[in-house]
Amino acid sequence: MKLPLKPLALLLPLLAVPFAQAQDPEHATQFRMQHPGNGPGGEPRISFLAHRLGTDHAEGISVLDMNGDGFADLLSGAYWYENPGANGGEWKQHQFRTVGTHNEFVSDCGEWIVDVDHDGLPDLVTTGWISNGLWWYRNPGPKATAAGEQWKAEKITDSFDTEGGAFADINGDGKPDVALAHYNRSGILWVDFSGAKPRTHHLGDREQDGHGIGVADINGDGKIDVLTTHGWFEQIDANNDKWTWHPDWNLDDTGFPILGYDVNHDGKLDLIYGQGHGYGLYWLEQAGTPTHRLWIRHTIDESFSQSHALALVDVDGDGVPELITGKRYRGHSGNDPGSYDPVVVYAYKLPNAAAFAAIKTKRTQGSGVSAEKPAMNTMRIANSADDPLFTRYTLSINGTASAGTQFVAADFDHDGDIDLASAGKLGVHFLENLKINKVPKDVREEMQPLNRKWPFPGEGKEVEQEDGPKQ
């Protein structure tokens with residue numbers, strides 16, 4: 001049955017009201033959203049504002065309140081960057097040590113904060129690919145640092161060709177340790193800082209070492225295991241150097257660190273890793289049984305290269321961490337695949353349990369790889385079409401912010417959300433989380449990259465704005 005048409009004259013007043021108001025400058029603002037909404041598909045916004053703090057080439061980065069003002073500062077290479085506080089503004093650069101340089105590299109691929117001499121002041125532990133050694137720099141205290149006193153270095157142990165490490169309490173003594181891998185495959189080492197002096201432990205040889213390392217409890221026995229690019233060391237007794245080697249996988253040159261996380265929510269620890277000098281970001285599913293583990297590689301993203309730094313950080317405040325990674329800039333001076341692609345920093349929301357439940361049902365019906373079927377080989381590649389998607393958010397693209405060799409996270413501006421920072425050959429960057437934004441407008445204006453020394457000579461003269469014919 002056709003509904004009777006209403007006379008056009010009755011509809012015109014209804015149609016005319018919103019359009020007339022939309023064209024009326026006095027009412028236009030009521031149609032403009034004043035605050036950000038969700039993204040496509042109703043996804044909550046994850047948005048970061050990148051601030052370039054300096055143009056040094058160091059790629060390691062760490063966090064420490066250097067001047068005792070209660071705000072976390074950033075350390076990278078020879079410099080520390082002074083946190084401007086809750087209202088934002090300029091991060092002032094200060095030199096506090098010297099670091100070796102070679103061509104376009106700074107010998108700083110890893111920084112960790114540890115109270116090495118147990119005097120109550122956190123010190124800096126650092127290593128680099130160019131120069132041999134794991135070193136620590138003694139903290140002289142906030143007053144001395146603020147006054148410009150340079151930190152003094154002391155060598156801990158030899159460590160050649162070191163492009164990164166992992167930081168965790170390996171031996172369960174409640175204090176963090178540092179584990180290092182080597183590009184020259186000279187053998188894994190880890191350093192215990194609980195004693196009067198750092199104690200160096202060696203693990204395996206070139207067969208187990210490689211470009212990448214991680215620390216996680218693979219078998220769920222409550223002890224931290226050490227993950228390398230070729231397998232994992234099961235901890236028996238770390239303090240007495242007792243480990244069991246499992247050559248379960250071959251991951252090639254990974255980023256730092258190799259992450260342990262139960263991606264598919266099945267109670268078994270999986271791995272997340274990137275290719276540090278090529279294309280590819282993956283997760284490795286732990287399947288099979290405790291006596292015969294099967295590792296299945298799943299693709300997350302193969303659209304960018306040199307995922308040399310990774311972190312798990314809850315940046316949206318929902319209690320579940322996001323995967324943070326991106327492209328390292330000129331890891332091999334322009335000789336890596338994708339070296340001239342855009343520089344990117346991404347955050348990925350991990351799939352939830354419901355997505356994997358659907359995949360499990362599909363597998364049991366004969367599609368995909370069986371998670372329970374033993375096989376002679378211990379590593380397989382999954383059919384990517386069966387994988388749930390990792391939702392990707394762009395934090396920075398085609399700018400100067402990069403992954404470098406480390407990400408650090410903290411609420412730098414004390415506004416209640418977690419911010420990020422990284423370093424690289426394009427400089428140190430503070431990535432401000434805009435989930436909560438309390439920086440005043442006048443400070444935002446001062447920070448804008450607008451060229452204030454404009455117009456240029458001879459470009460044109462100042463003219464009056466013409467707003468239309470006078471009424």
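So, the largest pocket has a volume of about 560 Å³. A pocket here, on a 1 Å grid over the protein atoms alone, is an open set of points where a 1.4 Å probe fits, with protein on both sides within 12 Å along at least five of seven lines; lining residues have an atom within 4 Å of a point. The volume is the space filled by probe spheres set on the points, with grid points joined across faces, edges and corners.

Before I go on: this is a predicted model, so local features need pLDDT of at least 70 and side-chain atom pairs count only at pLDDT 80 or more, while totals for chains, interfaces and linings use all residues. Residues are numbered from 1 along each chain as its sequence is written, and side-chain values use heavy atoms, with hydrogens and water left out.

Back to the pocket. Its lining has 26 residues, and Trp112, Phe167, Pro257, Gln406 and Phe407 lie nearest the centre. The elements giving two or more residues to that lining are β2 (62–64), β8 (110–114), β12 (165–168), β20 (259–261), β24 (310–313) and β29 (407–410). Strands here are DSSP runs of E, at least two residues, and helices are runs of H or I, at least four, numbered from the N terminus. Which strand gives the most? That's β24, with 4 residues. By class, we get 19 nonpolar, 6 polar and 1 charged, counting Ala, Val, Leu, Ile, Met, Phe, Trp, Tyr, Cys and Pro as nonpolar, Asp, Glu, Lys and Arg as charged, and the others, Gly among them, as polar.

Now look at Gln406, in the loop between β28 (391–397) and β29. Is Gln406 buried or exposed? Buried, with a relative accessible area of 11%; the cut-offs are under 20% for buried, over 50% for exposed and partly exposed in between, with a 1.4 Å probe and protein chains only. Leaving aside neighbours within four places in sequence, its contacts (heavy atoms within 4.5 Å) include Glu59, Cys109, Trp112 and Ala423.

A cis peptide bond joins Phe256 to Pro257, omega about -10°. There's a cis bond from Trp454 to Pro455 as well, with omega near 5°.

On to the rings. The count is 11 aromatic pairs, meaning Phe, Tyr or Trp rings (the six-membered one for Trp) with centres within 6.5 Å; planes under 30 degrees apart are stacked, over 60 edge-to-face, the rest tilted. One of them is Trp91 with Phe412, edge-to-face at 6.0 Å centre to centre and 70° between the planes. Trp91 lies in the loop between β4 (79–82) and β5 (92–95) and Phe412 in the loop between β29 and β30 (419–422), so the pair ties together parts 321 residues apart in sequence. Phe412 also pairs edge-to-face with Phe430, at 5.8 Å and 80°. Ring pairs therefore link Trp91, Phe412 and Phe430 into a cluster. Trp91 and Phe412 are buried, and Phe430 is buried too.

Last one: Asp161, in the loop between β11 (152–157) and β12, has a positive phi, near 55°. Asp161 is partly exposed, at 27% relative accessible area.
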